[in-house]
Amino acid sequence: MANIPIIAIFCFTIFVSSSLNFVYGAENMTYIVVGHVYCDTCRVEFETKLSEPIGGAVVKLECRNRTDNQLTFQSQEIVTDEHGDYHIAVEGDYEESDCDVALVRSPNPDCNDPSEIWRISRVVLTTLDGVSGELRFANNLGFKKKVALPQCTQVLQEIGYYELNQEAGGYNELSQEAEDISPSSEL
């Protein structure tokens with residue numbers, strides 16, 4: 001019976017110290033945001049086996065307050081390594097901010113058109129939402145090649161992507177089939 005109050009006090013002490021560390025430790029947290037920049041060689045807005053990393057590409061991380069859109073953090077411009085990878089160190093907690101890694105520029109003049117879908121990537125920079133640890137992963141960001149590689153049509157057909165658009169240097173198979181069997185062609 002004497003052990004019950006001791007166990008209760010011990011559990012309460014652990015709870016309080018964990019809560020204080022959870023709340024006050026977040027402000028002193030250092031996060032490492034990691035990501036990758038690639039060249040979309042097929043101009044389809046996603047990576048394929050023909051996509052290539054872009055070494056020397058530049059990205060930037062910005063956080064803006066959700067309420068008034070004021071800038072709460074801005075990194076320096078970060079240059080990717082030869083594998084297209086980057087690491088951004090961020091100090092502090094940004095629970096009230098939306099943080100995005102964005103493409104700035106590509107060193108490759110043949111692949112410098114920012115992807116519409118993958119030009120920015122949202123990252124969570126707080127531990128107050130249940131995500132623990134210092135490492136944060138951003139989605140891969142892409143620049144599109146000026147002209148798609150000739151082998152893109154075959155690669156995209158292999159993965160079941162049949163609706164190729166003009167930018168990919170292909171055609172829309174479904175539209176072509178529709179034209180071949182349209183009622184006007186029977187007249």
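The side chain of E45 reaches the backbone nitrogen of I117 at 2.8 Å. This is a predicted model; local features need pLDDT of at least 70, side-chain atom pairs count only at pLDDT 80 or more, and totals for chains, interfaces and linings use all residues. Residues are numbered from 1 along each chain as its sequence is written, and side-chain values use heavy atoms, with hydrogens and water left out.

Stay with E45. The side chains of E45 and S115 make a polar contact of 2.7 Å. Polar contact here means a pair of N or O atoms within 3.5 Å; within protein, one must be able to donate a hydrogen and the other to accept it, and residues adjacent in sequence count only if both atoms are side-chain atoms. E45 sits in the loop between β1 (30–40) and β2 (52–53). Strands are DSSP E runs of at least two residues, helices H or I runs of at least four, numbered from the N terminus. Is E45 buried or exposed? Buried, at 13% relative accessibility. The cut-offs: buried is under 20% relative accessible area, exposed over 50%, partly exposed in between, with a 1.4 Å probe and protein chains only.

Now the disulfides, defined as cysteine sulfur pairs within 2.5 Å. The structure holds 3. C42 pairs with C152, S to S 2.0 Å. That link is left-handed, at -90° about the S-S bond. C42 lies in the loop between β1 and β2, C152 in helix α2 (residues 152–158), 110 residues apart.

Next, C39 and C111, with sulfurs 2.1 Å apart. This one is right-handed, at 115°. Both cysteines, C39 and C111, are buried.
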